[in-house]
Amino acid sequence: MALPVGTQFRYWAIAAVVFFVLLWFLGDVIMPFLIGGAIAYFLDPVADKLEAWGFKRIWATITISILALIVFVILILLIVPSLVNQAGQLINLAPQIAQNLRDFLIERFPDVVDQDSVLRQSLDQIGKTIQDRGAELVDAVLSSAMGIVNIALLFVIVPVVTFYLLWDWDRMVAAIDDLLPRDHAPVIRDLASQIDRTLAGFIRGQGTVCLILGTFYAVALMLAGLQFGLIVGAVAGALTFIPYIGALVGGALAIGLALFQFWGEWWHIAIVAGIFMVGQFFEGNILTPNLVGTSVGLHPVWLIFALSAFGTVFGFVGMLAAVPVAAALGVVTRYLIQRYKEGRLYKGLSEGALLPEDQDDA
C-alpha cells in the first residue's frame, strides 16, 4: 500500500534537512570527498569509453589515474609556480598602476581631478589598499587552505577517493537504483536522468570549455607579450564557468594591463583585445554549442545566485555543492510546474464539462 502524500513529503523533507545539516556541520570534513566525487563524475565517461575499447574497469581506472598524475605533476612543476609568481608581481605593481592612472586623469582632466578632490584621494589609496589587502588575502589563503592537515586531505585523500569512486561508479549507481522506492522509481529515474544530462552538459562541457579557453588566453597573451598573460588567462578561464563573467572580467583585466604596459603602442593593445574577441567567437560558435549544448537548463542568474547563496551559508564546500543542487532544484521545479499544469488547480474544470449557465442554455 502506497504511503499518503503528506507522509512521503515529510520523509523527503527530513532527508533534505539532514543533507543541509551535514553540509553545515561537516563542511571541512566532506570537502575532499565532494571534490573526489566531482572528479570521478567528470572522468566516468572516459572510463566507460576505455571499457568500450576492451579495458576492464580496474585497468581503465588505473590508466586514467596515471595520466591524471602526470598532468598534476606538470601543473605543480611548471604552471603553479609561475601563477603564484605573477600574482605576487601583480599585487606589488598595483600602486604603480594606480599612480599612472591618476597621472593620466590629472593630465587629461585637470579640473576634475584637483588636489583636494575625492577622486584623487581615492586613487592615492587604491594601489596601497590593493597591495596591502592582496598580501593579506594571499597570507590568509596560504594559512587556511594550505595547512598541513588540508594538504594531506587534498593531496592524499582526494586521489584515493577519486580512484575508488571511479572504479565502483557503475556499481554504486546500480545499488542506489535498487534502493529506490518502487512506487516512485520510474519518476526518480527520469528526474535523475534529466539532472545527469544537465550536469553533464554543464560541468563536463563547461569545464572543458574553461580549460580550452584558459589555455588559449594564457598562451596567446604570453605570445602577445603581456606581462601577466598567464594569470589573466587562468582567471578568464576559471570565471568562464559562470557565463559571460569570464569574458568580461578577463577582457577588462587584460586590456587594462595592456594599456598600462603598451601605452602608445595601439596595435599591441588591439592584439590583446583581438585575442578576447577571437576567444569569444570560438566559445559562442564552436566550443559551447558542441561541448555544452544549446539547452543546459541552468540559467546564468540562477547559477550565480546558487553559488553566492551556498558560498555564503556553507563556505567553499557550499560552492562545490551549489551547481549539482541548483541543477537538481531546477529539474524538480520544472517537473512540479509540469504536474501543476496537468492538474485541476491549473486547468479548472475538465475538458468537456459545462458551466451551470451553459447547462441552462442547453
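How close do the axes of H7 and helix H8 come, and at what angle do they cross? I looked this up in a predicted model, where local features need pLDDT of at least 70, side-chain atom pairs count only at pLDDT 80 or more, and totals for chains, interfaces and linings use all residues. Residues are numbered from 1 along each chain as its sequence is written, and side-chain values use heavy atoms, with hydrogens and water left out.

**Entry 1: H7 and H8**

The axes of H7 and H8 (residues 229-239) come within 7 Å and cross at roughly 160 degrees. Helices here are DSSP runs (H or I, at least four residues), numbered from the N terminus. Axes are lines fitted to C-alpha atoms over the stretch in contact, and angles run from 0 to 180 degrees between N-to-C directions. H7 is therefore roughly antiparallel to H8. That label is for angles over 145 degrees; under 35 is roughly parallel, 65 to 115 roughly perpendicular, and the rest oblique. I noted a right-handed crossing of H7 past H8 (the near helix is turned clockwise from the far one by less than a right angle).

Next I listed the contact (heavy atoms within 4.5 Å). H7 brings Cys210, Gly214, Tyr217, Ala218, Leu221 and Met222. Among the residues from H8 are Leu230, Val232 and Ala236. By class, this contact of H7 with H8 has nine nonpolar, four polar and no charged residues. Ala, Val, Leu, Ile, Met, Phe, Trp, Tyr, Cys and Pro count as nonpolar, Asp, Glu, Lys and Arg as charged, and the others, Gly among them, as polar.

**Entry 2: H8 and H9**

I moved on to H8 and helix H9 (residues 245-261), whose axes come within 7 Å and cross at roughly 165 degrees. H8 and H9 are therefore roughly antiparallel to each other. H8 passes H9 in a right-handed crossing. From H8, Val232, Val235, Ala236 and Leu239 meet a set in H9 that includes Ile245, Val249 and Leu253. I sorted the contact of H8 with H9 into nine nonpolar, two polar and no charged residues.

**Entry 3: H7 and H12**

H7 (residues 185-223) also packs with helix H12 (residues 316-342), at an angle of about 135 degrees and with axes 9 Å apart. So H7 is oblique to H12. The contact includes Leu191 and Phe202 of H7 and Val323 and Arg334 of H12. The contact of H7 with H12 has 12 nonpolar, two polar and one charged residues.

**Entry 4: the length of H7**

I checked the span of H7. Just after H7, Gly225 has a positive phi of about 95 degrees.

Key: Helix = DSSP H or I, 4+ residues; strand = E, 2+ residues; numbered from the N terminus.
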